[in-house]
Amino acid sequence: MLEITGLAKRYDSGTLALAGVDLAISPGRIVAVIGPSGCGKSTFLRLLAGLERPSAGSIRLDGEELAGPSPKIGVVFQEPRLMPWLDVLHNVAFGLPRRLSRHERRALAAQAIERVGLKGFEKALPKQLSGGMAQRCALARALVTRPEVMLLDEPFSALDALLRARLQAELVRIWTEDRPTLLLVTHDLDEAVLLADEIVVLAGNPGTVRTVVENPLPRPREPQRPAFQMLRARLLSALPAYNLAAA
Amino acid sequence: MASLVEPVAAAPLAAPAAAPGPRLRRLPPALLGLLLPASLALVWEIAAAQAWIAPRLLPPPSMVAATLTELWETGELARHVAATLGRVAIGFALGVVVASVLAALTGTIDLLRRLLDPTIQALRAIPSIAWVPLFVLWFGIFETPKVLLIALGAFFPVYLGLESGIRSVDRKLVEVGRIYHLGGPGILLRILLPGALPSWLTGIRGGLGLAWMFVIAAELMGASEGLGYLLLDGQMSGNAAIILGALFLFALMGKLTDAVLVAATRRATAWQDSFRSGA
Ligand SMILES: Nc1ncnc2c1ncn2[C@@H]1O[C@H](COP(=O)(O)OP(=O)(O)OP(=O)(O)O)[C@@H](O)[C@H]1O
Ligand SMILES: [Mg+2]
């Protein structure tokens, strides 16, 4: 259980990026966070990742207050952020604790690489990978430690539509296998409806939760179905920026 | 490069008519680099044989070679070369180690950087040769000031290379380290140093060049052995062949040690995705 209460962040520059977010996320759910650009989505995720300190409020995971990065939480950024000097295998093994033996680390990394479909590329350097392969490698690096919660900040937004669809399907497949809690920031409404059980709509300036929309559609979801389109339309009307544009 | 060479070699019709350009390119790069010095030596030799130049001022290569051989046979040459190489090795190693430790500290600990970096940058502005009188005053004229001068010469490029390399490592990669709870030492060893490696190695290469430069300065300030001593000896005795021989040995050893360093670094930076990184 991830409990967020009164979470606020004011940057040193004075910008109030987040003003009092309350949210409770049950284990094993996929939650999408959407909202207009600059409304504080990345800030929210960076707070959960322990990369920024909250100005107020608290984040509790399984009843324990989080202060700084936690081994229970994995992160996938918008860019792959691979170490250019390490091959795929060592990049994936990067986050494994050093107390594991070399052999164990290798085996775990190889397994994660297989899960994201990169088998055969263990020895490739990041410069030899395509954008999609690099992002899969980043996904494997987050998966390999088997985190309870995975934070993903627009992980597929830099990829073309076809590749995005494939990686979305892979993400769902991986999620059905070990059921981590997934918290996914996206600006793609279709992605939100396709993947999430629950969609958090943020409003900006300062960032607050505008509404939380449940997604009752059974999996696998098909974007051409009317129910899918209706939910998408509901989200669109809940988004403040798009409302303005439509008016 | 291979793709440029093969078509010419493979086409049987083109071979007899091959222009000088492609034929030159077919030579191994090492031989190609030797072409210019070898031709110069030949012209020089001929010029000396025709008495166009005075051998006393500019002895021909054959005479320089003879002088070197003579020195070699008495064991003198080996002693001088060993003395110079030893000083360069110790001074260079000292400079690299001290500079690397300091740069790793100032590169990672912000407070230390603000504390030390301005001073180090100011000291860098002093031409290192200007330290010679002080070093002699403090340490006498034997080995210590020589080695320290060489170390000082090697210090600055290495320090600057590593420090700027660390500072240009992508902040986003450092965040990945923080996600995985790496502390300061972990981030330094697993992210900052590998990321700074290319710039660090460039600094080390520059440091080696300066170490060779400073060994001459150090040996010219008084030495009983070494290539610098040989230079002085040649000047005193008016023997240009000895001077030229020493210069030749400096060029040879500087080039050789640099080549060893480059070969060693090529593998370490193969991951770089830069223009012509494979060349
Ligand atoms: N390091 C920082 N220092 C100061 N202000 C920041 C910083 N990072 C973000 N901000 C500000 O905080 C607000 C929220 O930014 P954030 O990056 O969280 O938005 P976002 O919802 O992720 O936007 P996008 O959809 O464009 O990625 C913005 O006004 C931004 O200018
Ligand atoms: Mg963002």
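Reader: Which salt bridge do the side chains of Lys72(A) and Asp62(A) meet in, and what is the N to O distance?
Author: The N to O distance in that salt bridge is 3.4 Å. A salt bridge here is a side-chain nitrogen of Lys or Arg within 4 Å of a carboxyl oxygen of Asp or Glu. Lys72(A) sits in the loop between β5 (64-65) and β6 (73-76) of chain A, and Asp62(A) in the loop between β4 (56-61) and β5, so the pair ties together parts ten residues apart in sequence. Helices (H or I, at least four residues) and strands (E, at least two) are DSSP runs, numbered from the N terminus.

Reader: What sort of model is it, and how is the numbering done?
Author: This is a predicted model: local features need pLDDT of at least 70, side-chain atom pairs count only at pLDDT 80 or more, and totals for chains, interfaces and linings use all residues. Residues are numbered from 1 along each chain as its sequence is written, chains are lettered from A and ligands numbered from 1 in the order in which they are written, and side-chain values use heavy atoms, with hydrogens and water left out.

Reader: How many salt bridges over all chains?
Author: The search of the whole structure finds 28. One of them joins Arg29(A) to Glu214(A), with the closest N and O atoms 3.3 Å apart. Arg29(A) is in the loop between β2 (16-25) and β3 (30-34) of chain A and Glu214(A) in strand β10 (residues 208-214), so this pair ties together parts 185 residues apart in sequence. Arg29(A) counts as partly exposed at 22%, and so does Glu214(A) at 44%.

Reader: Now the interface. How many residues of each chain are in contact?
Author: 20 residues of chain B contact 23 residues of chain A. Contact means heavy atoms within 4.5 Å. The two chains bury about 2,000 Å² between them, 64% of it on carbon and sulfur atoms. Buried area is the accessible area (1.4 Å probe) that two parts lose on being put together, summed over both.

Reader: Which residues of chain B lose the most area to chain A?
Author: Tyr180(B), Arg190(B) and Trp271(B), together 34% of what that side buries.

Reader: How many salt bridges between the chains?
Author: Three. One of them pairs Glu175(B) with Arg81(A), the closest N and O atoms being 2.8 Å apart. Glu175(B) is buried at 4%, and Arg81(A) is buried at 9%.

Reader: What network of salt bridges are these two linked in?
Author: One that links Lys9(A), Arg46(A), Glu52(A), Glu79(A), Arg81(A), Arg171(B), Lys172(B) and Glu175(B).

Reader: New topic. Which residues form the nonpolar patch on the surface?
Author: Leu24(B), Leu27(B), Leu31(B), Leu32(B), Leu34(B) and Leu35(B), with about 490 Å² of accessible area together. Patches are made of residues with over 30% relative accessible area and no salt bridge: like charges are joined within 9 Å, nonpolar side chains (Val, Leu, Ile, Met, Phe, Trp, Tyr) within 5 Å. Accessible areas come from the Shrake-Rupley method with a 1.4 Å probe; for residues, only the protein chains shown count as cover.

Reader: Where does the largest share come from?
Author: Helix α3 (residues 29-49) of chain B, with four residues. Leu31(B) has its place in that helix and is partly exposed at 45%.

Conventions. Buried means under 20% relative accessible area, exposed over 50%, partly exposed in between (1.4 Å probe, protein chains only).
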